[in-house]
Amino acid sequence: MRNKEWTIQSKHNLFDFGLKEIICYRHLLIQLIIRDVLALYKQTILGPIWFFIQPLLTTVVFTFVFGKLAGVSTDGLPRPLFYLAGIINWNHFSECLNKTSTVFKDNAQIFGKVYFPRIIVPLSISISTLSRYTIQLLVFLFCIAVYHYKGIAIHITPIIFAFPLMVVTMTSLGLGLGIIISALTTKYKDLAFLVGFGLQLLMYTTTVIYPLSAAPENLKWLIQLNPMTNIIEIFRYSFLGKGDFTTCSVAYSVMASTLILFTGVIAFNKVERTFIDTI
Amino acid sequence: MSNIVIRAENISKVYRLGEIGHGSISGDFERWRARIRGKTDPRARISEGGNGISKNGLFWALNDINFEIEQGETVGIIGNNGAGKSTLLKIISRITAPTSGKIKGRGRITSLLEIGAGFHPELTGKENVFLNGAMLGMQRSEVKRKFDRIVDFAEIEKHIHTPVKRYSSGMYMRLAFSVAAHLESEILIMDEVLAVGDKVFQEKCIHKMHQVSKEEGKTILMVNHHLEETDRLFSKKIVLKNGKILNS
């Protein structure tokens, strides 16, 4: 960095993602990730226990309401496992989106004082969210072990090796949508209200609480349009042995997520240059 | 180009007044509806006359600025309120982009804009020092080497493990100045920092700035109001008036 030449220009190449710069600032990225993870543990007395309670309680409620009362099918899988698989993945996606969508607003103070590539902040948020996902995944694996011990057959399939790809896809989808919204909210503040209930409504368009096989044939494509649906389905198939996906549908999810992430980075980089004048 | 660390070419910055969106979709929608029905915008701001504001609501905070700064110079940026001093520093610090023009430079920049550097209020003084170093692209070990000197200079050994939100404005400023002066950057930018802090500390800062520019060859850019006190510090002055350079 020493004696490095730089240029400040009014014009900006939309497709210049500044990857080199991100590498220069990798120490900042690492420090922000550590800070975010530590903050998760420090902030409350119960700390990470909330990460267990939230998905478990949601699972209990879903099992009761959608399973016992409404009698929605779970493809023959034990209900708690079925819901938990959907919930932890949806949680991770929505957490990524939610937290990155307020990046400009939350950091206006620091962004107004020092320069560093702004994209570092949403990047660090989405990576540190993975620590929470890992804890919830362990809870899920523990539940599988309990069922296995009780003698209920759970079929883990080799597709499980695609798991890293699922995580990357989910994270980029959440991050991409989040930074698109964060770029838009610098101009339209009322979009922030939309995020809260929008995410809740969106959850019902994925297969968190019902299996894709239970959807009417003519509406299936609509549910599959949500890239999260295919990720949850392949996740269920790899860990529980039941899920409805094709190579095509998974490829669609991966491509849609990549495209959204690219759009997000372009929008973010465009806004970061002058947002401080308008916020 | 050998010794030049910053070269600004035709820098302009335009702010739009009244023309900016209303910050909400409903606001923009209302305005659009009024326009197609041929009525006046219900939310339009009443235009205010004044310095540099043209009829179409454009405000030229900076207008065609050109200058060169050589390594080791201490540059004072001088002008009345609204002359564009802070805008210029913000553009050089890359906080906001210029509307037109280009700045070429060499070396890392530390900025102290308004009161406080990029401190995070919830973090302790120590954590902030390291975070600030990282924001400059420095490694943890590099910051560690400088850490004791930073705390020493700021005179806040006792409070270094306290979140900075509990600092007094004097302590905050001392730490911010100390971090900026000690971290390894080649260019130091300051916006009226010396206004805070007592006379003793001000003297100490001025002495320190002399030292870093003479001995370490750092380039310093500084906005100043109190001419008499710090006049002797500057080797070069940029005088701004209504977004234009008077002389340099």
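I note at the outset that the model is predicted.

**Entry 1. Strand S6 of chain B**

I next looked up the strands to which this pair belongs. Strand S5 (residues 109-112) of chain B runs parallel to S6(B), and 4 bridges join them. I also recorded the pairing of S6(B) with strand S7 (residues 219-223) of chain B, which is parallel and comprises 5 bridges. Two residue pairs locate this second pairing for me. B:Asp191 lies opposite B:Val223 in S7(B), and B:Ile189 has B:Leu221 of S7(B) as its bridge partner.

Is S6(B) enclosed or open to the outside? I find that 5 of the 5 residues of this strand (residues 187-191) are buried, so S6(B) is largely enclosed by the rest of the structure. I then checked the two faces separately. One side carries B:Ile187, B:Ile189 and B:Asp191, the other B:Leu188 and B:Met190, and all of these are buried. In a regular strand, side chains alternate between the two faces of the sheet.

**Entry 2. Strand S7 of chain B**

Within it, B:Thr74 has B:Ile220 of S7(B) as its bridge partner.

**Entry 3. The sheet of chain B and its helices**

I then placed these strands in their sheet. It is an open sheet of 6 strands in chain B, ordered S5-S6-S7-S3-S8-S9, with mixed pairing. Its edges are S5 and strand S9 (244-245) of chain B, each of which pairs on one side only. At the S9 end I recorded an antiparallel pairing: strand S8 (residues 236-241) of chain B is joined to S9(B) by 2 bridges. B:Leu240 has B:Ile245 of S9(B) as its bridge partner.

Which helices did I find against these strands? Helix H2 (residues 85-92) of chain B lies across S3, S5, S6, S7 and S8 of chain B, at about 145 degrees to S7(B). Helix H5 (residues 169-182) of chain B also packs on the sheet, where it touches S5 and S6 of chain B; its direction makes about 165 degrees with that of S5(B).

**Entry 4**

I turned to a sheet with strands from chains A and B. Its 4 strands form an open sheet in the order S1(A)-S4(B)-S1(B)-S2(B), and the pairing is antiparallel. S1 of chain A and strand S2 (58-70) of chain B stand at the edges with a single partner strand each, so one side of each has no neighbour in the sheet.

I followed S4(B) to its two partners. S1(A) pairs with strand S4 (residues 100-106) of chain B over 5 antiparallel bridges. Strand S1 (residues 4-16) of chain B likewise pairs with S4(B) in the antiparallel sense, over 5 bridges. At B:Ile103 I found a bridge partner from chain A, A:Ile8, and one from chain B, B:Ala8.

**Entry 5. The contact between the chains**

I looked up which residues make the contact. Chain A contributes 29 residues and chain B contributes 39 residues. On the side of chain A that touches chain B, the elements giving two or more residues are strand S1 (5-9), helix H2 (26-42) and helix H13 (275-278) of chain A. The largest share of this side, 5 residues, is from S1(A). By kind, I recorded the residues of this side as 12 nonpolar, 9 polar and 8 charged.

**Entry 6. The largest nonpolar core**

Finally, I looked up the largest nonpolar core. It has 113 residues, and those with the most contacts inside it are A:Ala85, B:Ile77, B:Ala176 and B:Ile189. Helix H4 (residues 79-100) of chain A gives the most to this core, 11 residues. I then listed the contacts of A:Ala85, leaving out residues up to four places away in sequence: A:Phe140, A:Phe235, A:Arg236, A:Phe239 and A:Leu240.

Terms used
Residues are numbered from 1 along each chain as its sequence is written. Chains are lettered from A and ligands numbered from 1 in the order in which they are written. This is a predicted model: local features need pLDDT of at least 70, side-chain atom pairs count only at pLDDT 80 or more; totals for chains, interfaces and linings use all residues. A nonpolar core is a set of buried Ala, Val, Leu, Ile, Met, Phe, Trp, Tyr and Cys residues joined through C-beta atoms within 7 Å. A residue is buried if 20 or more other C-beta atoms lie within 10 Å of its own, exposed if 12 or fewer, and partly exposed in between; C-beta atoms are placed from the backbone. Two residues are in contact if their C-beta atoms, placed from the backbone, lie within 7 Å. Ala, Val, Leu, Ile, Met, Phe, Trp, Tyr, Cys and Pro count as nonpolar, Asp, Glu, Lys and Arg as charged, and the others, Gly among them, as polar. Two strands pair if DSSP finds at least two bridges between them. Axes are lines fitted to C-alpha atoms, for helices over the stretch in contact, and angles run from 0 to 180 degrees between N-to-C directions.
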